[in-house]
Amino acid sequence: MKHIALIATAALALGACASTPASAPASAAKPEARSYLVSENASADVDAALARAQASGKRVLLVMGANWCSDSRALAGWLETDRFVDLIEREYELVFVNIGMPRTGDGHNLGLARRFGLAELPGLPNVLVLTGDGVLVNPTTATGWRDAGSRTGDAIYDELATLADTPA
(Lines give C-alpha, C1' and ligand atoms only; values in the text may rest on other atoms or scores of the structure.)
Protein backbone atom coordinates (compact mmCIF):
# COMPACT_ATOMS: atom_id res chain seq x y z
CA MET A 1 0.00 0.00 0.00
CA LYS A 2 2.88 2.38 0.79
CA HIS A 3 4.32 1.75 -2.69
CA ILE A 4 1.04 2.77 -4.32
CA ALA A 5 0.90 5.96 -2.26
CA LEU A 6 4.52 6.74 -3.18
CA ILE A 7 3.83 6.20 -6.87
CA ALA A 8 0.72 8.39 -6.70
CA THR A 9 2.68 11.15 -4.95
CA ALA A 10 5.43 10.99 -7.57
CA ALA A 11 2.86 11.15 -10.37
CA LEU A 12 1.26 14.25 -8.84
CA ALA A 13 4.64 15.90 -8.43
CA LEU A 14 5.65 15.24 -12.02
CA GLY A 15 2.30 16.56 -13.20
CA ALA A 16 3.15 19.91 -11.61
CA CYS A 17 6.24 20.13 -13.80
CA ALA A 18 5.97 19.63 -17.54
CA SER A 19 8.86 17.66 -18.99
CA THR A 20 10.36 17.33 -22.42
CA PRO A 21 8.11 15.14 -24.58
CA ALA A 22 9.22 11.53 -24.97
CA SER A 23 9.14 12.04 -28.73
CA ALA A 24 11.87 14.70 -28.58
CA PRO A 25 14.93 13.59 -30.55
CA ALA A 26 18.03 12.65 -28.59
CA SER A 27 19.90 15.49 -30.34
CA ALA A 28 17.61 17.97 -28.55
CA ALA A 29 19.50 17.46 -25.28
CA LYS A 30 19.40 20.55 -23.09
CA PRO A 31 21.87 21.70 -20.49
CA GLU A 32 20.81 20.78 -16.98
CA ALA A 33 21.72 21.95 -13.49
CA ARG A 34 20.54 21.32 -9.95
CA SER A 35 20.62 24.89 -8.65
CA TYR A 36 17.62 24.77 -6.29
CA LEU A 37 19.35 24.28 -2.97
CA VAL A 38 17.38 24.58 0.23
CA SER A 39 18.38 27.87 1.85
CA GLU A 40 18.31 28.59 5.55
CA ASN A 41 16.47 31.83 4.73
CA ALA A 42 15.32 32.23 1.13
CA SER A 43 13.56 35.49 1.97
CA ALA A 44 16.85 36.98 3.17
CA ASP A 45 18.53 35.73 -0.03
CA VAL A 46 15.91 37.57 -2.08
CA ASP A 47 16.21 40.69 0.09
CA ALA A 48 19.98 40.70 -0.47
CA ALA A 49 19.48 40.38 -4.24
CA LEU A 50 16.96 43.25 -4.16
CA ALA A 51 19.47 45.43 -2.29
CA ARG A 52 22.21 44.61 -4.82
CA ALA A 53 19.83 45.30 -7.70
CA GLN A 54 18.77 48.62 -6.25
CA ALA A 55 22.40 49.67 -5.79
CA SER A 56 23.46 48.55 -9.28
CA GLY A 57 20.37 49.48 -11.29
CA LYS A 58 19.86 45.85 -12.29
CA ARG A 59 16.80 43.66 -11.92
CA VAL A 60 16.36 40.54 -9.83
CA LEU A 61 15.86 37.28 -11.66
CA LEU A 62 14.08 35.12 -9.07
CA VAL A 63 13.81 31.53 -10.29
CA MET A 64 11.54 29.37 -8.16
CA GLY A 65 11.76 25.65 -8.86
CA ALA A 66 13.05 22.32 -7.59
CA ASN A 67 15.78 19.85 -8.46
CA TRP A 68 13.28 17.00 -8.96
CA CYS A 69 11.64 18.92 -11.84
CA SER A 70 13.15 18.43 -15.30
CA ASP A 71 11.92 21.83 -16.51
CA SER A 72 13.50 23.54 -13.50
CA ARG A 73 16.79 21.73 -14.11
CA ALA A 74 16.70 22.60 -17.82
CA LEU A 75 16.15 26.30 -17.12
CA ALA A 76 18.93 26.30 -14.51
CA GLY A 77 21.19 24.58 -17.04
CA TRP A 78 20.58 27.27 -19.65
CA LEU A 79 21.25 29.99 -17.08
CA GLU A 80 24.69 28.49 -16.42
CA THR A 81 25.81 28.64 -20.07
CA ASP A 82 28.24 31.40 -21.09
CA ARG A 83 25.69 33.31 -23.15
CA PHE A 84 23.24 33.52 -20.24
CA VAL A 85 25.96 34.22 -17.68
CA ASP A 86 26.91 37.32 -19.70
CA LEU A 87 23.28 38.51 -19.86
CA ILE A 88 22.74 37.88 -16.16
CA GLU A 89 25.95 39.66 -15.15
CA ARG A 90 24.89 42.71 -17.19
CA GLU A 91 21.20 42.88 -16.30
CA TYR A 92 20.28 40.79 -13.27
CA GLU A 93 20.92 39.62 -9.74
CA LEU A 94 20.09 35.90 -9.93
CA VAL A 95 18.48 34.00 -7.06
CA PHE A 96 17.33 30.37 -7.17
CA VAL A 97 14.69 29.40 -4.60
CA ASN A 98 13.64 25.83 -3.87
CA ILE A 99 9.87 25.51 -3.59
CA GLY A 100 9.74 21.76 -2.96
CA MET A 101 6.59 19.91 -4.05
CA PRO A 102 3.71 22.38 -3.56
CA ARG A 103 1.03 20.12 -5.04
CA THR A 104 1.75 17.37 -2.56
CA GLY A 105 1.69 19.66 0.45
CA ASP A 106 5.49 19.82 0.72
CA GLY A 107 5.91 23.36 -0.57
CA HIS A 108 8.68 25.67 0.57
CA ASN A 109 9.07 29.44 0.29
CA LEU A 110 5.66 29.93 -1.33
CA GLY A 111 5.21 33.13 0.64
CA LEU A 112 7.81 34.72 -1.62
CA ALA A 113 5.50 34.37 -4.60
CA ARG A 114 2.64 35.93 -2.61
CA ARG A 115 4.96 38.71 -1.46
CA PHE A 116 5.37 39.75 -5.10
CA GLY A 117 1.69 39.45 -6.00
CA LEU A 118 1.33 35.86 -7.19
CA ALA A 119 -1.50 34.11 -5.37
CA GLU A 120 -0.41 30.64 -6.43
CA LEU A 121 2.21 28.77 -8.39
CA PRO A 122 0.41 26.31 -10.68
CA GLY A 123 3.60 24.53 -11.68
CA LEU A 124 7.31 25.03 -11.88
CA PRO A 125 9.67 26.57 -12.56
CA ASN A 126 8.51 30.15 -12.09
CA VAL A 127 10.52 33.17 -13.22
CA LEU A 128 9.89 36.44 -11.43
CA VAL A 129 11.65 39.53 -12.75
CA LEU A 130 11.71 42.24 -10.10
CA THR A 131 12.89 45.82 -10.01
CA GLY A 132 15.31 46.75 -7.26
CA ASP A 133 12.39 48.03 -5.21
CA GLY A 134 10.49 44.74 -5.51
CA VAL A 135 8.00 45.49 -8.29
CA LEU A 136 7.12 42.39 -10.34
CA VAL A 137 7.80 43.23 -14.00
CA ASN A 138 6.24 40.09 -15.52
CA PRO A 139 3.06 39.25 -13.58
CA THR A 140 1.37 37.64 -16.60
CA THR A 141 4.29 35.38 -17.55
CA ALA A 142 6.00 34.61 -14.22
CA THR A 143 4.15 31.31 -13.74
CA GLY A 144 4.20 30.27 -17.41
CA TRP A 145 7.55 28.46 -17.45
CA ARG A 146 6.30 24.88 -17.02
CA ASP A 147 7.57 24.17 -20.52
CA ALA A 148 11.11 25.47 -19.93
CA GLY A 149 12.57 22.07 -20.82
CA SER A 150 11.06 22.21 -24.30
CA ARG A 151 11.95 25.85 -25.00
CA THR A 152 14.99 26.67 -27.05
CA GLY A 153 17.90 28.54 -25.55
CA ASP A 154 17.21 31.37 -28.00
CA ALA A 155 13.59 31.70 -26.86
CA ILE A 156 14.57 31.79 -23.20
CA TYR A 157 17.37 34.26 -23.84
CA ASP A 158 15.14 36.56 -25.89
CA GLU A 159 12.46 36.61 -23.20
CA LEU A 160 14.95 37.37 -20.42
CA ALA A 161 16.65 40.06 -22.52
CA THR A 162 13.26 41.68 -23.18
CA LEU A 163 12.27 41.51 -19.51
CA ALA A 164 15.51 43.27 -18.55
CA ASP A 165 14.24 46.37 -20.38
CA THR A 166 10.46 46.06 -19.87
CA PRO A 167 9.05 49.02 -17.95
CA ALA A 168 7.76 48.11 -14.50
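Tutor: Let's begin with angles: those under 35 degrees count as roughly parallel, over 145 as roughly antiparallel, 65 to 115 as roughly perpendicular and the rest as oblique. Axes are lines fitted to C-alpha atoms, for helices over the stretch in contact, and angles run from 0 to 180 degrees between N-to-C directions. This is a predicted model, where local features need pLDDT of at least 70, side-chain atom pairs count only at pLDDT 80 or more, and totals for chains, interfaces and linings use all residues. Residues are numbered from 1 along each chain as its sequence is written, and side-chain values use heavy atoms, leaving out hydrogens and water.

Student: At what angle do the axes of helix 4 and helix 6 cross?

Tutor: Helices (H or I, at least four residues) and strands (E, at least two) are DSSP runs, numbered from the N terminus. The axes of helix 4 (residues 82–91) and helix 6 (residues 153–165) cross at roughly 5° and come within 11 Å. Helix 4 and helix 6 are therefore roughly parallel to each other.

Student: Which residues of helix 4 are buried?

Tutor: Here is the general idea: an α-helix has 3.6 residues a turn, so residues three or four places apart point the same way. Buried means under 20% relative accessible area, exposed over 50%, and partly exposed in between (1.4 Å probe, protein chains only). In helix 4, Phe84, Leu87 and Ile88 are buried. Seen down the axis, the buried residues of helix 4 fall within an arc of 95° (taken from the directions from the helix axis to the C-beta atoms), so they line one face of the helix. On the other side of helix 4, Asp82 and Glu89 are exposed.
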